[in-house]
Amino acid sequence: MQNQKTRIALFSTAYILGVIPGLALIVVATWADLESTFYGFNRLASTQLSGLSCPILMTREETSSFSLKLTNTLERRASPTIRVDISTPNLAYSNTERFPLEPGETLRKNWEIGPENIDLNRFVFTQVVVYSMYPIPNRQNGCGIFVVDLPGSGWGVTWIIVAVSVLGMGIGLYGLNHPQSRSRGAEVPALRPFVFLSIMIVIGIIASIMGWWFPGIMILVVSVLLIFSIIGMLISRQMDKIDKEANE
């Protein structure tokens, strides 16, 4: 029985160590994108621009990049004008360029960002505007990148966090659901809330990578409510156990 309790404790710890970094990644990604929304770039379009890709994290001394994939969907040659704004500790850097595109041709454009673009101590903010090409209106999108004080690259840190989170939750759920953990009347909590929380965190990580900050907020709210629900469930089970032992 003691070995069984130790096993449950180990897999529960693995699960918790998977949940924490996953939630932390969703929090900082959502925080950075929200800060970007209110950073102060000029609002030049009401239509969302697709194809913008930014890293979630960046280390403080790293030179990284963000990119835009733009396809000419018109049946004629077009020369879209692209404006890019990038944060700095002082005035934001702005640049405007025109790119000729044949019908169906795709442009892939990268812009470098580095320590000189860090503002508010923890963020790099970007915005890209593609001006109208009749009948397509102005389109705009932006993102925030969270700066971490760690070695290596931001993408490397991001994928390490993702791997630790998914592996931790997967190992924890597998171990808690294993017959050795649930045999002989072991007091293992119902796993359905844990599974649902894991699914929410995985979806939240995907939303963070895609730059979808609004779903990230909703997932954070649901995840926090689930965590409080799980804590309440565990406390209730423990209180029932104490009452049962007292009555005996």
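In this predicted model, strands 8 and 9 pair in the antiparallel sense over 8 bridges. Within this pairing, Val130 stands opposite Arg139 of strand 9. Strand 8 is also joined to strand 5 (residues 81–86), by 5 bridges, and these two strands likewise run antiparallel. Strand 8 is mostly covered, 8 of its 8 residues being buried. The burial extends to both faces of the strand: Phe123, Phe125, Gln127 and Val129 are buried on one side, and Val124, Thr126, Val128 and Val130 are buried on the other.

A separate element of the strand architecture is an open sheet of 3 strands, arranged in the order 2-4-7 with antiparallel pairing. Strand 2 (52–53) and strand 7 (106–113) stand at the edges of this sheet, and each has a single partner strand, so one side of each is left without a neighbour in the sheet. The antiparallel pairing of strand 2 with strand 4 (residues 64–71) comprises 2 bridges, and Leu52 stands opposite Leu68 of strand 4.

The count of disulfides in the model comes to 1. This disulfide joins Cys54 to Cys143, with an S to S distance of 1.9 Å. The torsion about the S-S bond of Cys54 and Cys143 is about -70°, so the disulfide is left-handed. The link connects distant parts of the chain: Cys54 lies in the loop between strand 2 and strand 3 (57–59), whereas Cys143 belongs to strand 9, and the two are 89 residues apart.

Aromatic side chains form 10 pairs in the structure. The ring centres of Tyr39 and Phe125 lie 4.4 Å apart with their planes at 35°, so this pair is tilted. The pair links distant parts of the chain, as Tyr39 is placed in the loop between helix 1 (2–37) and strand 1 (47–48) and Phe125 in strand 8 (residues 123–130), 86 residues apart. Tyr39 and Phe125 are both buried. An edge-to-face geometry is found for the aromatic pair of Trp213 and Phe214, with 6.2 Å centre to centre and 85° between the planes. Trp213 is partly exposed, its relative accessible area being 31%. Ring pairs also link Trp31, Tyr39, Phe41, Phe123, Phe125 and Phe146 into a cluster.

In soluble globular proteins, nonpolar side chains tend to be buried together. In the present model, the largest nonpolar core has 33 residues, of which Tyr15, Val19, Leu25, Leu57, Phe146, Leu197 and Ile201 touch the most other members. The elements giving two or more residues to this core are helix 1, strand 8, strand 9 (139–148), helix 2 (154–177), helix 4 and helix 5 (213–247). Helix 1 supplies the largest share of this core, 10 residues. When residues up to four places away in sequence are not counted, Leu197 touches Tyr15, Val19, Ser223, Leu226, Ile227 and Ile230. Another core, of 22 residues, lies apart from the largest one and includes Ile82, Phe99, Leu101 and Val147.

Helix 4 (residues 192–210) contains 19 residues, which at 1.5 Å a residue should span 27 Å; the end C-alpha atoms of this helix are 27 Å apart, in agreement with that expectation. Its buried residues include Phe194, Leu197, Ser198, Met200, Ile201, Gly204, Ile205, Ala207 and Ser208. Helix 4 is followed by Gly211, whose phi is positive, near 80°. Phe196 is also found in helix 4, but this residue is partly exposed, with a relative accessible area of 40%. With neighbours within four places in sequence left aside, Phe196 is in contact with Val222 and Leu226. Phe196 and Arg7 are 189 residues apart in sequence, and their C-alpha atoms are 22 Å apart in space.

Definitions and conventions:
Residues are numbered from 1 along each chain as its sequence is written. This is a predicted model: local features need pLDDT of at least 70, side-chain atom pairs count only at pLDDT 80 or more; totals for chains, interfaces and linings use all residues. Side-chain values use heavy atoms; hydrogens and water are left out. Rings of Phe, Tyr and Trp (its six-membered ring) pair if their centres lie within 6.5 Å; planes under 30 degrees apart count as stacked, over 60 as edge-to-face and the rest as tilted. Helices (H or I, at least four residues) and strands (E, at least two) are DSSP runs, numbered from the N terminus. Buried means under 20% relative accessible area, exposed over 50%, partly exposed in between (1.4 Å probe, protein chains only). Two strands pair if DSSP finds at least two bridges between them. The expected span of a helix is 1.5 Å times one less than its number of residues. A nonpolar core is a set of buried Ala, Val, Leu, Ile, Met, Phe, Trp, Tyr and Cys residues joined through side-chain atoms within 4.5 Å. Contact means heavy atoms within 4.5 Å. A disulfide is a pair of cysteine sulfur atoms within 2.5 Å.
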